[in-house]
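Please open the structure in your viewer and keep the selection tool at hand. The tour below goes from stop to stop, saying at each one what to select and what is to be found there.

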Amino acid sequence: MAARVEAINKRPAVRRQAWKDLGAHYKKIRDLNLRQLFANDPKRGDHLTAEAVGLYLDYSKNRITPETIKLLIRLAEESGLRERIDAMFRGDKINVTEKRAVLHTALRAPRGATILVDGKNVVPEVHAVLDRMSDFANRVRSGEWKGHTGKRIRNVINVGIGGSDLGPVMAYEALRHYSERSMTFRFVSNVDGTDFAEAVRDLDPSETLFIISSKTFTTLETMTNAQTARAWSVAGLGKDERSVAKHFVAVSTNAEGVAKFGIDTANMFEFWDWVGGRYSMSSAIGLSTMVAVGPDNFRAMLAGLHEMDEHFRTAPFEENLPVLMGLLAVWYNDFFGAQTVAVLPYEQYLKRFPAYLQQLTMESNGKHVTLDGKKVAHQTGPVYWGEPGTNGQHSFYQLIHQGTRLIPCDFIAFGQSLNPLGRHHDILVANVCAQAEALAFGKTAEEVAAEGTPKWLVPHRVFEGNRPSNTILAERLTPESLGKLVALYEHSVFTQGAVWNIDSFDQWGVELGKVLAQRIIPELEGKEEPKLAHDSSTNALIRRYRKLKESV
């Protein structure tokens, strides 16, 4: 099996027969209209669907035929997707550039499971950390954990960045309905001082707990904010350095750095190098989420993640939700030339879900070389973006409906509202159905004219339609269904990366700017005029900034 995977790694996607066949197939059907496809098959909306683990996927409003799906599945098979799935779940080091296993799936494996990394079962360690997190969360939520002055903790601030922020803040907002409402939860990530200042402006240091989330405890933005938080907390607690131990905990692997900061290492929660940052919300990085919603709800979210993991691992590709979504993303990205995907949750609690997906998708698949270091011969990761409905309908939907770009859309909706208020939810879901229908079928010039529209105005009111979308429906936004949605997109990303033959689990693209910033910081802060050796633009910007700074 390893030899087969290695052979696949050396075979560019564009040389696979299925890729070539898809190219020929695209030329045949690219001009087919969804109106025609639905007319030819009145039951299309019934059979181009898939359902699993409580999620219903309607992919009938895509510019595909059953033959398209067959060819896409054959592409997945020729790309070795099944072998790659098995390798990931087995604990093989599929993150080839960092020589690491990729086992976010182990973070939600049930107690008693066996997943080996370098011959060691990691599941007992995962659950040991979860148990410690649960104990800590219960102590904070109950008031047993007291601050330095004896007051209970009422405010929790998570300090992190990237995966140490986007996952926790998304999950908190998504599950706010289930959160402890007597407590305040905030998140600081940006090194811009405004982020920290606004987060603590109305808080009492004696009632505030900081969770510092940094695997290495050296991340520039996180540790800058952490030191500022420490100074703010100590100043508000009589300048007693001992107070740090009661108002700070850490999610990290750097015990020495944590202790030096003043945090008791008994209050340090670990995770592992086989957990990528953007896949870490189900690890100790989710501590703030667990404190907010409680251990039972957090574990329910893990159960939802695991259900989708098992579906992805075992379901045939033609019934596999993440595989189908991933292959459709490849279809539009590489054959139709679509450059973006809009994710449109019709659920206000999911307002940060598109932002979370931006890191998950674009940091994973924003790659320009294959696993063996050769330049890719096709487009890889598209841009993911979006906003909750119905807000987006009054801003950017104009471009989706009548613009010149093809923008595939994912609509996400639920059968039941967490806050049922009269007609609100029916109106909300009516808009989901209406938008997907309008995108698919549009309105012709003849239809517009038949409404009595003046001839000169007709072109402006035509909707071309034929714009593809998926619709994902679930019963209700619960911790379980959130977990299923997150894992759905995680494994869709994995599917795309396997087809493109790239490493979806490293992120070297974030490094260069950070290295250069470390060079520039002393040039901005130094009292003496620095000797600059950048390009003329960067040199001029540094000099201009120093003058602006001195003018204060």
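The residues that line the largest pocket divide into 16 nonpolar, 18 polar and nine charged, and this pocket, in what is a predicted model, has a volume of about 1,200 Å³. To find the middle of the pocket, select Thr219, Gln507, Val510, Glu511 and Lys514, which lie nearest its centre among the 43 lining residues. Then colour α8 (163-174), α10 (220-236), α16 (353-365) and α21 (511-525), the elements that each give two or more residues to the lining of the largest pocket. Of the elements, α21 gives the most to this lining, with six residues.

Stay with α21 and follow the helix along its length. It has 15 residues and reaches 22 Å from its first C-alpha to its last, close to the 21 Å expected at 1.5 Å a residue. Select Arg519, where α21 has a kink of about 30 degrees, shortly before the proline Pro522. Ile520 also has its place in helix α21, and if you leave aside residues up to four places away in sequence, Ile520 touches His534, Thr538 and Ile542.

Rolling a probe the size of a water molecule over the atoms shows where empty space is left. How many cavities of 30 Å³ or more are there? The count comes to two, and the largest cavity has a volume of about 120 Å³. Select Met325, Ala329, Val341, Asp410 and Asn470, which are the closest to the centre of the largest cavity among the 15 residues that line it. The elements to show around them are α15 (321-334), β12 (409-414), β13 (469-474) and α20 (479-500), each of which gives two or more residues to the lining of this cavity. The largest share of that lining, four residues, comes from α15, and the lining as a whole divides into nine nonpolar residues, five polar and one charged.

For the second largest cavity, with a volume of about 40 Å³, select Leu107, Val126, Val129, Leu130, Met133, Trp272, Ser282, Ser283 and Ala284, which line it. Seven of these lining residues are nonpolar and two are polar, while no charged residue is among them.

Now show the aromatic rings, for which the count comes to 26 aromatic pairs. A pair to select is Phe136 with Phe269, which is tilted, with 5.5 Å from centre to centre and 55 degrees between the planes. Because Phe136 lies in helix α7 (residues 123-142) and Phe269 in strand β9 (residues 268-269), the pair ties together parts that are 133 residues apart in sequence.

The last stops concern the backbone. Most residues other than glycine have a negative phi, and most peptide bonds are trans. Select Gly389 and Thr390, and look at the peptide bond from the one to the other, which is cis, with omega near 10 degrees; Thr390 is found in the loop between β11 (383-385) and α17 (397-402). Then move to Lys99, in the loop between α6 (81-90) and β3 (116-117), where you will find a positive phi of about 55 degrees although Lys99 is not a glycine.

Methods:
Residues numbered from 1 in each chain as written. Predicted model: local features only at pLDDT ≥ 70, side-chain atom pairs only at ≥ 80, totals over all residues. Heavy atoms only, no water. 1 Å grid on protein atoms, 1.4 Å probe; cavity = no way out; pocket = protein on both sides within 12 Å on 5 of 7 lines; lining within 4 Å. Points joined across faces, edges and corners; volume = space filled by probe spheres on them. Nonpolar A, V, L, I, M, F, W, Y, C, P; charged D, E, K, R; others polar. Contact = heavy atoms within 4.5 Å. Expected span 1.5 Å × (residues − 1). Bend = angle between axes of the 7 residues up to and from the residue. Phe/Tyr/Trp six-rings, centres within 6.5 Å; stacked < 30°, edge-to-face > 60°.
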